[in-house]
Every structure is written in structure tokens, then in C-alpha cells.
Amino acid sequence: MAIGFMEVLLVKAKGLHETDIFARMDPYVLLQYKGQERKSSVLCEGGNNPVWNEKIIFRVEYPGSGDPYKLYLKIMDRDVFSADDFVGQATIYVKDLLAEGAEKGSAELHPCKYSVVAANQSYCGEIEIGITFTRKEEEYGDHDIGGWKESEY
């Protein structure tokens, strides 16, 4: 089993459907992978073409158990006086990336665009994401206990 880190580069979104009538959207992204959830920064007045350029890291095991190897991105619009609005979502399959990274030590999906779909499954923009998986190398040998070398005495 390979253990490592999946670094998601959240670049930008384009052509998102506005959810606010009187103001520009304040978008952010909820990223979910196998029970782990991360939240991007909120772009106040970011509108329908927000730019984050933000890195988000997940701990990953490959092969792992549970859900398929999917990274879920939920784009939300922060609202002050009501519940945040769902804008759309995208799903990225990362199994091949993880398999390559487990074998070679690292693998990268250069930033590319993924379709964002609304709750009714209609197209509502695109999001640009890059992903890198880096296998974690063993830090300690077989005789290490808690980071200390085992004594002969």
C-alpha cells in the first residue's frame, strides 16, 4: 500500500451561474475525498469568474478501501443572512493518477478544465484544477521506535 499526499491546485472557475440577484457571488469550494473535507477561501464579490490559485492537501492511501477514487468539488456561494447557495459541482476520477504515483513516486495532472453541473444536471460553468500525488517515503528504518533508534543494551 502506498501512502502519500494529493495536492489539489484550485485555479479558477469560469461562467458560473449567478445565484445572487443584487450583488456578486462570494464563491468558495468544498473539496471532498474519501471522508475528508476541505474548504477553499471565500472570494468576496468573486462573481461568476473567480480566481483562487489555492493549494489544498489530502492524505491518501492507494489502494485504499471504501468509495471509488473520486474527488468531489462543490461550488458554493456564501450568504450572510441565509444559508449558502449551491452553485454546482464537478467530480474528478483520480484512480489512474494515484496508481501512477504509487508506482513512480509521484504523478501529476496539469491544470485542466472540468464541467460544473447544477443540481438539475445542467451545465453551469467550468472549474480549472490541477492535481499532484506524491508518495510518502518511509522516514524510519525497521529498528526505529517512535523516531529513536533501538538500543543494543
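1. A helix here is a DSSP run of H or I at least four residues long, and helices are numbered from the N terminus. The model is a predicted one. Helix α1 covers residues 95–104, and within this helix glutamate 100 and lysine 104 are four residues apart, so about one helical turn separates them. These two residues form a salt bridge, with their closest N and O atoms 3.7 Å apart. Glutamate 100 is partly exposed, at a relative accessible area of 37%. Lysine 104 has a value of 58% and is exposed.

2. How many salt bridges does the count give? The count comes to four salt bridges. Two others are described in the next two points.

3. Lysine 55 and glutamate 7 form a salt bridge in which the closest N and O atoms lie 3.8 Å apart. This pair links distant parts of the chain: glutamate 7 belongs to strand β1 (residues 2–14), lysine 55 belongs to strand β4 (residues 51–62), and 48 residues separate them. Lysine 55 counts as exposed, because its relative accessibility is 57% and the cut-off for exposed is over 50%. Glutamate 7, at 27%, is partly exposed.

4. Arginine 59 forms a salt bridge with glutamate 61, and the distance between the closest N and O atoms is 3.3 Å. Arginine 59 is partly exposed, with a relative accessible area of 43%. Glutamate 61 is also partly exposed, with a value of 32%.

5. Is strand β5 largely enclosed or largely open to the outside? Strand β5 runs over residues 70–77, and six of its eight residues are buried, so the strand is largely enclosed by the rest of the structure. The word buried stands for a relative accessible area under 20%.

6. Which strands pair with β5? Strand β2 (residues 27–33) is joined to β5 by six bridges, and the two run antiparallel. Within this pairing, proline 27 has aspartate 77 of β5 as its bridge partner. Strand β6 (residues 85–93) also pairs with β5 in the antiparallel sense, over eight bridges. Here the bridge partner of leucine 71 is isoleucine 92 in β6.

7. Threonine 19 is in the loop between β1 and β2. Threonine 19 is partly exposed, at a relative accessible area of 28%. With its neighbours within four places in sequence left aside, threonine 19 is in contact with Met25, Asp77, Asp85, Phe86 and Val87. Of these, Asp77 is the residue already named as the bridge partner of proline 27. Valine 87 is 68 residues away from threonine 19 along the chain, yet the C-alpha atoms of the two are separated by 7.0 Å.

8. A disulfide is a covalent bond between the sulfur atoms of two cysteines. How many disulfides are counted in this model? The count comes to zero disulfides. Is cysteine 124 buried or exposed? Cysteine 124 has a relative accessible area of 1% and is therefore buried. Cysteine 112, at 32% relative accessibility, counts as partly exposed.

Notes: Residues are numbered from 1 along each chain as its sequence is written. This is a predicted model: local features need pLDDT of at least 70, side-chain atom pairs count only at pLDDT 80 or more; totals for chains, interfaces and linings use all residues. Side-chain values use heavy atoms; hydrogens and water are left out. Buried means under 20% relative accessible area, exposed over 50%, partly exposed in between (1.4 Å probe, protein chains only). Two strands pair if DSSP finds at least two bridges between them. A disulfide is a pair of cysteine sulfur atoms within 2.5 Å. A salt bridge is a side-chain nitrogen of Lys or Arg within 4 Å of a carboxyl oxygen of Asp or Glu. Contact means heavy atoms within 4.5 Å.
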